[in-house]
Amino acid sequence: MASQVLVGGRAHQPCAACKMLRRRCRNNCVLAPYFPTHEIEKFAVVHKVFGASNVIKMIQMVEESKREDAVKAIIFEATARLGDPVYGSAGPVFQLQKMVQEFKLQLESIRAQVLQLQGQREQLLGILMNNIHPFDSSSLVNDPVLGSCSFPVDDDTAAYDPITFHVEPDMRL
């Protein structure tokens with residue numbers, strides 16, 4: 001337990017910051033509450049991007065009740081800066097905003113297409129409704145083109161399906 005120091009009769013482990021910087025961790029260490037010994041990777045990222053003294057200054061600038069959230073934001077920004085040194089955490093935000101704008105444009109285009117298709121549908125329905133007359137079997141029997149022939153029309157003869165209606169081939173050809 002060489003890294004532990006006895007403070008007030010109890011063992012005190014140095015925080016991740018003091019451990020990494022190889023300095024003595026005091027009771028009033030500003031970084032100790034936010035970078036415990038087992039989270040040395042988090043401090044390493046923050047230290048690499050901002051430096052220890054700047055992190056201490058940023059933490060001290062924030063009121064004590066909001067420091068934990070500030071440290072989380074610092075860790076998030078440092079991690080993002082390692083991935084994108086120019087934009088940091090703003091890069092993904094800009095990309096998402098751009099995607100939202102593109103999706104809005106696509107949505108408006110699709111809405112316009114839907115309105116156009118609905119108009120075409122209404123137009124076709126109007127044409128169909130104007131050109132279709134109810135089926136009247138008596139008009140076929142007394143049709144002037146067919147002549148005035150009289151043949152019985154019952155339900156069976158009017159219900160022939162042209163696909164299933166069997167026609168015998170004429171072998172006399």
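**Exercise 1. How many helices and how many strands are there in the chain, and what pattern does the chain follow when it is read along the sequence?**

Solution. The model is a predicted one, and a careful reading begins with its elements. Counting them gives 7 helices and 2 strands in the chain. Reading along the sequence then gives the order, which is β-β-α-α-α-α-α-α-α. Turning to the contacts between residues at least 6 apart in sequence, we find that 35% of them join residues at least 24 apart.

**Exercise 2. What pLDDT does the chain average, and how many contacts does the stretch of residues 5–10 have beyond near neighbours in sequence?**

Solution. The chain averages a pLDDT of 80, and 69% of the residues score at least 70. Over residues 5–10 the pLDDT is below 50, and this stretch has 7 contacts in the model beyond near neighbours in sequence. Where pLDDT is low, the predicted coordinates should not be read in detail.

**Exercise 3. Which residues touch the most other members of the largest nonpolar core, and which elements give two or more residues to this core?**

Solution. Start with burial in the chain as a whole: of its 173 residues, 18% are buried. The largest nonpolar core holds 19 residues, and those that touch the most other members are C15, L31, F35, F43, V46 and I59. Two or more residues of this core come from each of helix 1 (16–21), helix 2 (40–50), helix 3 (52–61) and helix 4 (67–83). As a general background, nonpolar side chains in soluble globular proteins tend to be buried together.

Now take one member, F35, and list its partners: leaving aside residues up to four places away in sequence, F35 touches C15, A16, A17, K42, F43, V46, V55, V71 and I75.

**Exercise 4. Which residues of helix 3 are buried, and which are exposed?**

Solution. The buried residues of helix 3 are A52, V55, I56 and I59. Because they cover an arc of only 100° around the axis, these residues lie on the same side of helix 3. On the other side of the helix, K57 and M61 are exposed.

**Exercise 5. How many aromatic pairs does a search of the whole structure find, and are F35 and F43 buried or exposed?**

Solution. The search finds 2 aromatic pairs. One of them joins F35 and F43 in an edge-to-face arrangement, at 5.3 Å centre to centre and with 75° between the planes. To judge burial we compare each value with the cut-off of 20% relative accessible area: F35 is at 0% and therefore counts as buried, and F43, also at 0%, counts as buried.

Y87 and F94 also form an edge-to-face pair, 6.1 Å centre to centre with 90° between the planes. Here Y87 is partly exposed, with a relative accessible area of 46%, and F94 at 46% counts as partly exposed.

Notes:
Residues are numbered from 1 along each chain as its sequence is written. Side-chain values use heavy atoms; hydrogens and water are left out. A nonpolar core is a set of buried Ala, Val, Leu, Ile, Met, Phe, Trp, Tyr and Cys residues joined through side-chain atoms within 4.5 Å. Buried means under 20% relative accessible area, exposed over 50%, partly exposed in between (1.4 Å probe, protein chains only). Helices (H or I, at least four residues) and strands (E, at least two) are DSSP runs, numbered from the N terminus. Contact means heavy atoms within 4.5 Å. The arc is that of the directions from the helix axis to the C-beta atoms. Rings of Phe, Tyr and Trp (its six-membered ring) pair if their centres lie within 6.5 Å; planes under 30 degrees apart count as stacked, over 60 as edge-to-face and the rest as tilted. pLDDT is the predictor's confidence in each residue, from 0 to 100.
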